[in-house]
Amino acid sequence: MDIIIKENYDEMSKCAADIIANCIKSKPSCVLGLATGSTPLGTYRELIKIHREEGLDFSQVRTFNLDEYLGIGMDLSKPYEEDQSYARFMYEEFFKYINIKKENIYIPDGLTKEPEKFCQWYEDMIKKAGGIDLQLLGIGGDGHIGFNEPGSSFSSRTRVIPLTEQTLNDNYESFYRKAKIKKEDMPHFAITMGIGTILEAKQLLMIASGKKKAKVIARALQGPVTTEVPASALQIFNGKVTVVLDREAASELS
Ligand code: GLP
């Protein structure tokens, strides 16, 4: 596992964006696994910059997002802040600024009427695309990756999962409060790629920033490998894992 420690959030973001850009340059038709949350925002901003200034070409890139809240979907007729779907997040923060083809974007469908069937279809589409070349990951305060909450099996596949109280609180504070959406009206379930799905990617890139991630990063990278800390699965990953942290997120590492 390579752990890269950068001075601050902006440098962490630039480093992560460079790793993704290099993946695209070496394989223009690469398959990227993408993440949401506040942490990857800077990475997406940097990638947009590389696209604009250096012509990084996304025309053949295919993307699969890790997760989506169940019960909501992108609704462009609503203002962005009222639409908390991850599909909208990806569109507003990244996709609308780059030359990716709409048909090459895959995001779990939070409005599916048949979640089980959908989850199987999503798995099949990842396989059909040849698997994920590079999977970007954030980390939740309780150690989740995607929305794989503590207790998720390391062999889990794409499925519906209930969100923990901590995740609901964290995501309420980061997103829903600003949108003036009541906590009880937040989706309490999500569709997520499983840990087994994530571990099949050829390369993993985790990013984390800030003091509030320091403890969970230390548990994930240096603590015991346990399903109670889903991100500790990175320690048993067979391929290349790169973790890019800022100083604060790295501060509890020994
Ligand atoms: C959400 C997402 C995760 C993300 C996590 C951390 O729960 N499902 O993929 O890693 O939040 O979010 P943040 O980057 O805002 O701390």
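Residues F64, Y106, F118, W121 and Y122 form one aromatic cluster, where rings of Phe, Tyr and Trp (its six-membered ring) pair if their centres lie within 6.5 Å, and planes under 30 degrees apart count as stacked, over 60 as edge-to-face and the rest as tilted. The model is predicted, so that local features need pLDDT of at least 70 and side-chain atom pairs count only at pLDDT 80 or more, while totals for chains, interfaces and linings use all residues. Residues are numbered from 1 along each chain as its sequence is written, and side-chain values use heavy atoms, with hydrogens and water left out.

The structure holds 13 aromatic pairs. One of these, formed by F58 and F94, is edge-to-face, with 5.8 Å centre to centre and 90° between the planes. F58 lies in the loop between α2 (41–54) and β3 (62–65) and F94 in the loop between α3 (86–93) and β5 (105–106), so the pair ties together parts that are 36 residues apart in sequence; helices (H or I, at least four residues) and strands (E, at least two) are DSSP runs, numbered from the N terminus. Both F58 and F94 are buried, a class that means under 20% relative accessible area, with exposed over 50% and partly exposed in between (1.4 Å probe, protein chains only). A tilted aromatic pair is formed by Y69 and F147, at 5.4 Å centre to centre and 50° between the planes. Because Y69 belongs to strand β4 (residues 67–69) and F147 to the loop between β6 (134–137) and β7 (159–162), this pair ties together parts that are 78 residues apart in sequence. Y69 and F147 are both buried.

An open sheet of 7 strands has the order β1-β10-β9-β6-β2-β3-β5, with parallel pairing; two strands pair if DSSP finds at least two bridges between them. The edge strands of this sheet are β1 (2–6) and β5, each of which pairs on one side only. Strand β2 pairs with β3 in the parallel sense over 4 bridges, and L32 stands opposite T63 in β3. The pairing of β2 with β6 is likewise parallel, over 2 bridges. In β6, L134 is the bridge partner of L32, and Q135 stands opposite G33. In a regular strand the side chains alternate between the two faces of the sheet. In β2, V31 and G33 point one way and L32 and L34 the other way, and all are buried. Together, β2, α2 and β3 make a right-handed β-α-β unit, a crossover being right-handed if, with the strands pointing away from the viewer, the path from the first strand over the helix to the second runs clockwise.

Helix α3 is largely enclosed by the rest of the structure, because 6 of its 8 residues are buried. These buried residues are Y86, A87, R88, F89, M90 and E92. They pack against β2 (31–34), α2, β3, β4 and α5 (165–176), with contact taken as heavy atoms within 4.5 Å.

N171 is placed in helix α5 and, at 13% relative accessibility, counts as buried. Leaving aside neighbours within four places in sequence, N171 is in contact with Y69, Y86, F147, Y176 and M186. N148 lies in the loop between β6 and β7 and counts as buried at 0% relative accessibility. The side chains of N148 and R159 are joined by a polar contact of 2.9 Å, which denotes a pair of N or O atoms within 3.5 Å; within protein, one must be able to donate a hydrogen and the other to accept it, and residues adjacent in sequence count only if both atoms are side-chain atoms. Not counting residues up to four places away in sequence, N148 touches S156, R159, I161, T192, M193, G194, I195, I198 and P230.

K180 lies in the loop between α5 and β8 (189–192). This lysine is exposed, with a relative accessible area of 75%. The phi of K180 is near 60°, a positive value in a residue other than glycine.

The ligand is surrounded by 13 residues, the closest being S38, T39, D67, H144 and K213; a residue is near a molecule if one of its heavy atoms lies within 4 Å of it. A polar side-chain atom of T39 lies 2.4 Å from an oxygen atom of the ligand, and a polar side-chain atom of K213 lies 2.5 Å from an oxygen atom of the ligand. For I139, a polar backbone atom is 3.4 Å from an oxygen atom of the ligand.
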